[in-house]
Amino acid sequence: MTRGLHMYYNFIMDEIDRVILKITLFQEASICSDKEKIMIANVIFNRTEQKYFSNGTVSDTCLKPYQFSGWNPNTANMNWIKNIILSLRQFYDAKYDSIINQALQKDITDGSLLYYSPESMNPPYSIPDWNWNELILTYKTEYFNFYKLK
């Protein structure tokens, strides 16, 4: 078990949490920069810490229905997830351990709890059905917009 390494965060993360987190990061941001991957990990850690759509574990935060698109039922990501776990394990283990360790050191999202990719929306560039009156934009990156509660 990892106690958030530095500890910027106060939750405990076991090996199952780390594997689920690596897969979630791969599904959500495999084409993105390391900084964007760290930011998404920060959102997951912020949700875990604040129990925002979470029971306080990283696995529950990642696997909560309709929170992270890669885990949604009947999606292309979900249909090939089993193959990713088997065929890319060595690749994502080393790469994503570094991402996770950096994200555990510091929250670079200013407490963001939500993010989305405008290009990935259906239709593209539409916006999520969120209560926008309660949100403030914290960061825009090449692929994502990050938000926290006001």
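Reply: Let us begin with the word buried, which applies to a residue with under 20% relative accessible area, whereas exposed means over 50% and partly exposed lies in between. Please keep in mind that this is a predicted model. With that cut-off, helix 1 is mostly covered, since 12 of its 15 residues are buried.

Me: Which residues of helix 1 are the buried ones?

Reply: They are Asp17, Arg18, Ile20, Leu21, Lys22, Ile23, Thr24, Leu25, Phe26, Gln27, Glu28 and Ala29. For Lys22 the relative accessibility is 4%, and because the limit is under 20%, Lys22 counts as buried.

Me: How do you know that the span of helix 1 is close to the expected one?

Reply: The expected span is 1.5 Å times one less than the number of residues. Helix 1, with 15 residues, reaches 21 Å from its first C-alpha to its last, and the expected value is also 21 Å.

Me: What makes Asp14 a cap of helix 1?

Reply: A side-chain oxygen of Asp14 lies 3.1 Å from the backbone nitrogen of Ile16, at the N-terminal end of the helix.

Me: Why is the pair of Asp97 and Lys22 called a salt bridge?

Reply: The term requires a side-chain nitrogen of Lys or Arg within 4 Å of a carboxyl oxygen of Asp or Glu. The closest N and O atoms of Asp97 and Lys22 are 3.1 Å apart, so the pair qualifies. Asp97 lies in helix 5 and Lys22 in helix 1, and therefore the bridge ties together parts that are 75 residues apart in sequence. Asp97 has a relative accessible area of 25%, which makes this residue partly exposed. Salt bridges that share partners also join Arg18, Lys22 and Asp97 into one network.

Me: How many salt bridges does the structure hold?

Reply: The structure holds four. Among them is the bridge of Lys64 with Asp60, whose closest N and O atoms are 3.2 Å apart, and Lys64 counts as partly exposed at 26% relative accessibility. Another one joins the side chains of Lys148 and Asp110 at 3.0 Å, N to O. Lys148 lies in strand 3 and Asp110 in the loop between helix 5 and strand 1, so this pair ties together parts that are 38 residues apart in sequence. Lys148 has a relative accessible area of 23% and is partly exposed, while Asp110, at 45%, counts as partly exposed too.

Me: What makes a set of residues a nonpolar core, and which residues have the most contacts inside the largest one?

Reply: The members must be buried nonpolar residues of the listed kinds, joined through side-chain atoms within 4.5 Å. The largest core has 29 residues, and those with the most contacts inside it are Met13, Leu21, Leu25, Ile40, Ile44, Phe45 and Val58. Helix 1, helix 2, helix 3 and helix 5 each supply at least two residues of this core, with helix 2 giving the most, seven residues. Beyond its neighbours within four places in sequence, Leu25 is in contact with residues including Ile40, Ala41, Tyr96, Ile99 and Ile100. A second, separate core of six residues includes Tyr52, Leu113, Tyr116 and Tyr147.

Me: How many disulfides does the structure hold?

Reply: There are zero. The term would require a pair of cysteine sulfur atoms within 2.5 Å. Cys32 counts as buried at 8% relative accessibility, and Cys62 counts as buried at 0%.

How values were computed
Residues are numbered from 1 along each chain as its sequence is written. This is a predicted model: local features need pLDDT of at least 70, side-chain atom pairs count only at pLDDT 80 or more; totals for chains, interfaces and linings use all residues. Side-chain values use heavy atoms; hydrogens and water are left out. Buried means under 20% relative accessible area, exposed over 50%, partly exposed in between (1.4 Å probe, protein chains only). Helices (H or I, at least four residues) and strands (E, at least two) are DSSP runs, numbered from the N terminus. Contact means heavy atoms within 4.5 Å. A polar contact is a pair of N or O atoms within 3.5 Å; within protein, one must be able to donate a hydrogen and the other to accept it, and residues adjacent in sequence count only if both atoms are side-chain atoms.
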